[in-house]
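Subject: Handover of a structure, with notes

Dear colleague,

I am passing on the structure below, together with some notes on what was found in it. Please read the notes with the structure open beside them.

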Amino acid sequence: MGNRGMEELIPLINKLQDAFSSIGQSCHLELPQIAVVGGQSAGKSSVLENFVGRDFLPRGSGIVTRRPLILQLVNSKAEYAEFLHCKGRKFVDFDEVRLEIEAETDRLTGSNKGISPVPINLRVYSPNVLNLTLIDLPGMTKVAVGDQPVDIEYQIRDMLLQFISKESCLILAVTPANSDLANSDALKISKEVDPQGLRTIGVITKLDLMDEGTDARDILENKLLPLRRGQISAVTAQWYRHQHLNTFGLVSFHRLFQQLTNHIRDTLPALRSKLQSQLLSLEKEVDEYKNFKPDDPARKTKALLQMVQQFGVDFEKRIEGSGDQVDTLELSGGARINRIFHERFPFELVKMEFDEKELRREISYAIKNIHGVRTGLFTPDMAFEAIVKKQLIKLKEPCLKCIDLVIQELINTVRQCTLKLNSYPLLREETERIVTTYIRERESKTKDQVMLLIDIELSYINTNHEDFIGFANAQQRSAAVNKKRAMPNQVIRRGWLTINISIMKGGSKDYWFILTAESLSWYKDEEEKEKKFMLPLDNLKLRDAEKGFMSTKPTFAIFNTDQRNVYKDLRQIELACDSQEEVDSWKASFLRAGVYPEKDQDGVPADTLSMDPQLERQVETIRNLVDSYIGIVNKSIRDLMPKTIMHLMINSVSEFIYSELLAYLYSSGDQSSLMEESAEQAQRRDEMLRMYHALKEALHIIGDISTSTVSVPVPPPVDDTWIHTDPR
């Protein structure tokens, strides 16, 4: 096949590139191509038009090329042009090609000389061209004009680097002859990405504008200011042509084509490997579609069964956990439900306990009302029972909230699992509807059962419970002593938090925190070797803090109720987390340590703040009894809630999916319509099959070329230290 095979490869790769672009995907192939770079008005357009033999590029002052132009030249008997964005339209008038380039550029960038990295794809068919792919890039500039951004120089530079940094890209570095070649912008940026000069070809333009008495013979013979691949001229001036120098005549076109041919041959191993990788990734899907018949009833039945089974497997994996395809970015499914069970729900339970003065006021009223007109000598157990029942009723709200949170996570999990059913929109819709309806049915049963648990607790106050402190012990203990015994000085939580401090005082910093039942300490890092500070928890409270100038993260604050500084000269410390969930979780940990949110005490009757010693002792006794009994109930509820929800809801939903979902789907409507694939899926399948066959054909051609193309050695290195590179 020889060079004919090479000539056929480039049009085929162009077709592949168009195929992937048309569906909004990329095969990520670094295709052999030539990029033309140079400063503004360096003559890049003339170079490209010399390849085509036609004037078709926009002209003017300033930045004329404002979007990359991917120019695919195809040798053909007829002469015309096509744009990828104007499929089906052939341009035979090249003046119209120029106007279309200008219009398409303005469509995306406006008419204010702005630039865009989104390329314009132009294919030119002609008997006068060789099969090549060239890219015309915006000319480098130093100064913004009009409404251009002030960093236009760096925007253009970044765009050029995106193209010329690829090893598969040859660089045509265009420099006008009437400028200082040593300071050529094109050669500078080329040397940055191609320091060995393996991919750079110098092009000298505007030889006819050189000063009288000067010429570029030594440059074009690569004697003065040499490049490894040499320099060629874009003007066939009569004198230079007689001297047989490198000009853009027929010989130079073939010389340049030979250089690209050699470069393609060198890049073939990597290109072949990439094509094979793409092919292997498609083969499994292609095998499934070899005998695919969209309307075959047997196929639809089999597909429905497989998808329902896979949906059940995916749901179980998300709930129970799985070692494959682990999400490392965020919690999902069962992990989020676990967090609700063991962080969010305990937090909601503890929140209802913190209002100490309100509780004491209620106890005081209960004791007084029981004694009536008499002054009681003994602590009434009826007051204890009345207060306990009132506290137990408060458990209903956090329990119902816990169920609601779990339901929301289950529904989210169902939606995530049905994403694989996108190919069959009606099946996905019906599956979500049926399973969500079942979840709602289980919701009422689960809530009824949880309310029954609370009612059971209300029906009998078991003061003979082995963990209950009893009246004798309650009278001997203070609330503070009780707290210390109930919660020894153990580590409650470790983790990173940000301390928000003003810039004048050092700025916000991240520290590793350790929270125990008695103190909050923070360290430089998780090695816990360099302690920064330890803060006792006595008299500390929590309050919400708004996001501010110093931090946009969710924030909460710690302060001292005695109005003393908490840390250095700060009355409060603001602590920030990456998410509100983390804030809530840390608050729950502080509550476990006995640090409660602040509560507005306005409106508390004066008689509750001042009591006679006997009444105060009775209130303290009841308070300790209530604290002990509610602790027992909370422990039981914290244990039973996850078990009840798992049994009545989560496990039940899993069993429903495995055993009954398929029957519900059959009874919900026509099976054939359920398995009607989406138009997008049909289009994707067709495009995938086309890509698969195109990749196979490309590999076939590459295999032929790689055995029939003779390698031409790369020219030896030259001393190109004359190029003045910018220190960046």
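Predicted model: local features only at pLDDT ≥ 70, side-chain atom pairs only at ≥ 80, totals over all residues.

Residues are numbered from 1 along each chain as its sequence is written, and side-chain values use heavy atoms, with hydrogens and water left out.

Cores

A nonpolar core is taken here as a set of buried Ala, Val, Leu, Ile, Met, Phe, Trp, Tyr and Cys residues joined through side-chain atoms within 4.5 Å, where buried means under 20% relative accessible area, exposed over 50% and partly exposed in between, with a 1.4 Å probe and protein chains only. The largest such core has 65 residues, and those with the most contacts inside it are Phe-384, Leu-410, Met-641 and Ile-645. At least two residues of this core come from each of several helices, including H10 (334–351), H13 (396–417) and H19 (613–659); helices (H or I, at least four residues) and strands (E, at least two) are DSSP runs numbered from the N terminus. Helix H19 gives the largest share of this core, 17 residues. Apart from it lies another core, of 31 residues, which includes Val-36, Val-47, Phe-94 and Leu-172. As for Phe-384, its contacts (heavy atoms within 4.5 Å), leaving aside neighbours within four places in sequence, are with Ile-461, Thr-463, Phe-468, Ile-622, Leu-625, Val-626 and Tyr-629.

Helix H10 has 18 residues and reaches 25 Å from its first C-alpha to its last, close to the 26 Å expected at 1.5 Å a residue, the expected span being 1.5 Å times one less than the number of residues.

Helix H17 (residues 580–592) has 13 residues and should span 18 Å, which agrees with the 19 Å between its end C-alpha atoms. Its buried residues include Asp-584, Trp-586 and Lys-587, and H17 is followed by Gly-594, whose phi is positive, near 90°.

Salt bridges

With a salt bridge defined as a side-chain nitrogen of Lys or Arg within 4 Å of a carboxyl oxygen of Asp or Glu, the structure holds 31 of them. One joins the side chains of Asp-136 and Lys-44 at 3.1 Å, N to O, and this pair links distant parts of the chain, with Asp-136 in strand E5 (residues 132–136) and Lys-44 in helix H2 (residues 44–52), 92 residues apart. Asp-136 is buried at a relative accessible area of 2%, and Lys-44 is buried at 7%.

Glu-443 and Lys-447 meet in a salt bridge of 2.9 Å, N to O; they are 4 residues apart in helix H14 (residues 425–459), and so separated by about one helical turn. Both Glu-443 and Lys-447 are buried. The side chains of Asp-562 and Arg-564 meet at 3.8 Å, N to O, with Asp-562 partly exposed at 41% relative accessibility and Arg-564 partly exposed at 47%. Finally, Arg-336, Arg-339, Glu-343, Glu-409 and Glu-581 are linked in a network of salt bridges.

With best regards
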